[in-house]
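Subject: Structure handover

Hello,

Here is the structure for your files. My notes on what turned up in it follow below.

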Amino acid sequence: MPACTCCTVTFPRRTAPGHSRRGLIAAMAGLAAVAGGIAPARAASGLPPTTLNPDQALERLMQGNRRFLAQAAQPGPGNLERRAILATGQAPFAAVLGCADSRAAPEVLFQAGLGDIFVARNAGNLADTGAIGSLEYAVANLGVPLVMVLGHEHCGAAGAALALAQQPLALPAHLRDMLLPMLPAALAALRSGGDAVEGTVRANVAMNVNRLLVESPVLAAAAAAGRLKVVGGYYDLDTQQVSPIA
Ligand SMILES: [Zn+2]
C-alpha cells in the first residue's frame, strides 16, 4: 500500500473489480497533461477541444448575451418584466451545490429561469469555504428552504480523485488540494466495488451533504428548525434524469 507524498492517506495499489478502467485512464491522462503543463488533446468522450482562440471565445460569449438581450421582449418567465423585478432583488426557491462540469448546469437540468435557483459550483461539487459561505448567504439572507448537492455521471473530478487514490501523482498545488477532500469518497468506492467513478460520485455527494450540516452552524440551525432540507442528487448524463441520493 503506497502512501501519498502530500498527505497521510494510504492508497490501495490495485483497481477494484468492476472499476471503470477507461474513465480512470482518461482521468490520469488528463491529470498528467495538466501536470506537464500541456492541454489535454481530447476529452474522454472523444469530443475534440474547441478550436476557438481566446478572442473568438469571448466574441461567442458576447454574441450569446446579445441574443439574450434580444429575447427580453418575448413573452415567458425570462421576459423584460421579470428581469426588471430581478434587478431589484432575488428570492430563489432552492440552492444547488453542483459540479463545474459543462454538461451539468443546474439551471438547464431543472428548467429554471433567472432568479429561480441559487447555484454554487466547483469541480466535484465540494463543500469548500466558498460554497459553504455562498449557501449560508442563500439560506440566512434569501430564505432558501432547500439545498441540493448534485453530483453527476462520468464526473472528471471523481475520476481524477480515483486516479490520485491509485497512485501518487505530481499535480499543480491547487488541483491537488481541490481533489484531496474527495479521496475518502474514492477510497470508499474502491472498497465497495462496482463502478468506481459512480461510487465515488455518490459517496462524495453524501459526504458533502453531511459536511454542509456539520461544518455550517447556519445551515445546521436552519435544518434543526425545520426551515431547511439538505439533500443529495445524481444526474445521469445518459437519461438526463436527476435522482435522489440517500
Ligand atoms: Zn463533475
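The count of disulfides comes to zero, taking a disulfide as a pair of cysteine sulfur atoms within 2.5 Å. Please keep in mind that this is a predicted model.

On the overall build, the protein has ten helices and five strands. Of its 246 residues, 36% count as buried. Among contacts with a separation of 6 or more, 66% are between residues 24 or more positions apart. The accessible surface comes to about 13500 Å², and carbon and sulfur atoms make up 58% of that.

Side chains of opposite charge can pair when their charged atoms come close. The structure holds five salt bridges, including these:

- Arg103 with Asp101, at 2.7 Å from N to O. Asp101 is buried, with a relative accessible area of 15%, whereas Arg103 is partly exposed at 38%.
- Asp177 with Arg176, whose closest N and O atoms are 3.0 Å apart. Asp177 is partly exposed at 40%, and Arg176 is partly exposed at 25%.
- Arg202 with Glu198, with 2.9 Å between the closest N and O atoms. Both residues lie in helix 9 (residues 196-215), four residues apart, or about one turn of the helix. Arg202 is partly exposed at 29% relative accessible area, and Glu198 is partly exposed at 30%.

Regards

Notes: Residues numbered from 1 in each chain as written. Predicted model: local features only at pLDDT ≥ 70, side-chain atom pairs only at ≥ 80, totals over all residues. Heavy atoms only, no water. Helix = DSSP H or I, 4+ residues; strand = E, 2+ residues; numbered from the N terminus. Buried < 20%, exposed > 50% of the residue type's maximum accessible area, 1.4 Å probe, protein only. Contact = heavy atoms within 4.5 Å. Areas by Shrake-Rupley, 256 points an atom, 1.4 Å probe, with all protein chains shown as cover. Salt bridge = Lys/Arg side-chain N within 4 Å of Asp/Glu carboxyl O.
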